Amino acid sequence: MKGWLFLALWTICYLVKGQSIDLFTLSFKHGFGQPVSGQPANAAENVALLNLKVPIVFSESTIWYSDLTYQGFVVNYGEGATGVIDPTRLHGVILQTGLVRKLSETTGFQLLLAPRFMSDFQEIDQQHFQLGGIGLFEKKYSERLLMRYGLMYNRELFGHMFVPLVFVNWKLSERWSLNGLLPVFGKLNYQASPRLGMGLSLFGLITSFQLGDPAYDGDYIERKSVDLSVYGRYNMVGNLHLEARFGYALGRSYRQFEEGDEVDFRITIASFGDDRVQQNVDFSAGPIVDVRLVYNLPLD
């Protein structure tokens with residue numbers, strides 16, 4: 001058993017080629033109350049996140065990699081709001097699972113299926129399930145720089161969604177590093193001490209959720225937000241870290257549309273053929289705070 005565990009961890013190091021990997025993350029984010037458009041009320045957002053990464057080793061050059069994420073969203077609009085969903089409660093379960101393979105000392109690829117369950121947990125049917133995928137080609141340029149290039153696709157409730165992807169793991173110096181899967185997430189990190197890191201964090205993604213509540217007759221919610229934050233990360237004990245982020249949710253929205261009201265297609269944030277009619281009202285973007293408990297495995 002210990003031999004297989006050692007092989008699994010060594011293979012992650014060999015294939016993922018990061019300085020470390022966050023195997024488990026538990027997070028709570030709060031978006032402070034912001035004015036609701038045209039309403040005498042404020043809307044506050046709360047988001048819970050749970051993420052787990054699991055590898056299954058096939059050989060020294062091949063693993064089956066799985067990444068499971070749950071997110072729960074609650075938006076409370078407060079007293080005085082009319083014409084909106086009050087509150088909004090949404091749930092998302094995203095699985096990324098597939099093949100990660102090393103082709104040579106400097107190249108490799110990842111092919112992942114990405115099924116999703118996006119729902120309000122009411123009267124569930126096939127509309128609450130979505131299917132997508134990710135493909136990435138890997139190139140190691142030096143001991144300090146690894147990059148991957150590819151595409152993410154998902155069949156959202158608003159139509160076809162394409163996101164060009166660039167992964168970067170770049171050790172800029174002994175203290176500075178840049179890593180992430182852009183434009184979805186990324187970090188510019190300064191390692192102030194062996195136990196304390198700090199820097200800038202980016203996370204942005206567009207998702208859609210099926211409403212099963214009969215009151216909304218098959219409508220869906222499109223959520224959009226780009227979270228830009230400063231953060232600090234402290235190694236408490238062993239591989240356990242506490243991370244705090246404070247920043248701003250740019251362009252945040254929870255927009256409701258009728259079933260079948262779609263765009264022709266979307267590339268990242270650019271929509272083509274979007275003549276949809278919004279069924280609710282927006283609330284303003286605003287400051288956020290995010291606290292995370294992370295189990296991180298060094299890959300040195």
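Trainee: Which residues have the most contacts inside the largest nonpolar core?

Mentor: I134, M152, F158 and L165 have the most contacts there, in a core of 18 residues. Keep in mind that this is a predicted model.

Trainee: Which strands supply at least two residues of this core each?

Mentor: β8 (132–140), β9 (145–156), β10 (159–171) and β13 each do. With four residues, β10 gives the most to this core.

Trainee: What do nonpolar side chains tend to do in general?

Mentor: In soluble globular proteins they tend to be buried together.

Trainee: Switching to charges. How many salt bridges does the count come to?

Mentor: The count comes to 19 salt bridges.

Trainee: Start with E156. Which residue does E156 form a salt bridge with?

Mentor: The partner of E156 is R116, and their closest N and O atoms are 3.1 Å apart.

Trainee: Is E156 buried or exposed?

Mentor: E156 is buried, at a relative accessible area of 2%. R116 is buried too, because its relative accessible area is 6% and the cut-off for buried is under 20%.

Trainee: And R155, what does its side chain meet in a salt bridge?

Mentor: The side chain of E262, at 3.3 Å from N to O. R155 is in strand β9, while E262 is in the loop between β15 (240–257) and β16 (265–267), so this pair links parts that are 107 residues apart in sequence.

Trainee: How do E262 and R155 count in terms of accessibility?

Mentor: E262 counts as partly exposed at 30% relative accessibility. R155 also counts as partly exposed, at 32%.

Trainee: Which residue forms a salt bridge with E222?

Mentor: R266 does, with the closest N and O atoms 3.4 Å apart. E222 belongs to strand β14 and R266 to strand β16, so parts that are 44 residues apart in sequence are tied together. E222 counts as buried at 2% relative accessibility, and R266 is buried with a relative accessible area of 2%.

Trainee: Which residues are linked in a network of salt bridges?

Mentor: D22, K187, R233, E243 and R245 are linked in that way.

Trainee: What about charge on the surface, which residues gather in a negative patch?

Mentor: That patch of negative charge is formed by E123, D125, D217, E258 and E259.

Trainee: Where does D217 lie?

Mentor: D217 is in the loop between β13 (196–210) and β14 (220–237). D217 counts as exposed because its relative accessibility is 64%, and the cut-off for exposed is over 50%.

Trainee: Backbone next. What is the phi of D217?

Mentor: Phi of D217 is near 50°, which is a positive value in a residue other than glycine. Most residues other than glycine have a negative phi.

Trainee: What about the phi of F121?

Mentor: F121 has a positive phi of about 65°, although F121 is not a glycine. F121 is in the loop between β6 (116–119) and β7 (129–130). At 44% relative accessibility, F121 counts as partly exposed.

Trainee: And peptide bonds, which residues does a cis one join?

Mentor: A cis peptide bond joins L182 and P183, with omega at about 10°. P183 is in the loop between β11 (176–182) and β12 (185–191). Most peptide bonds are trans.

Trainee: Last topic, distances. How far apart in space are A244 and R292?

Mentor: A244 and R292 are 6.3 Å apart, C-alpha to C-alpha, and 48 residues apart in sequence. A244 lies in strand β15 and counts as partly exposed at 40% relative accessibility.

Conventions
Residues are numbered from 1 along each chain as its sequence is written. This is a predicted model: local features need pLDDT of at least 70, side-chain atom pairs count only at pLDDT 80 or more; totals for chains, interfaces and linings use all residues. Side-chain values use heavy atoms; hydrogens and water are left out. Patches are made of residues with over 30% relative accessible area and no salt bridge: like charges are joined within 9 Å, nonpolar side chains (Val, Leu, Ile, Met, Phe, Trp, Tyr) within 5 Å. Accessible areas come from the Shrake-Rupley method with a 1.4 Å probe; for residues, only the protein chains shown count as cover. A salt bridge is a side-chain nitrogen of Lys or Arg within 4 Å of a carboxyl oxygen of Asp or Glu. Lys and Arg count as positive and Asp and Glu as negative; His and the chain ends are not counted. The place of a charge is taken as NZ of Lys, CZ of Arg, CG of Asp or CD of Glu. Buried means under 20% relative accessible area, exposed over 50%, partly exposed in between (1.4 Å probe, protein chains only). A nonpolar core is a set of buried Ala, Val, Leu, Ile, Met, Phe, Trp, Tyr and Cys residues joined through side-chain atoms within 4.5 Å.
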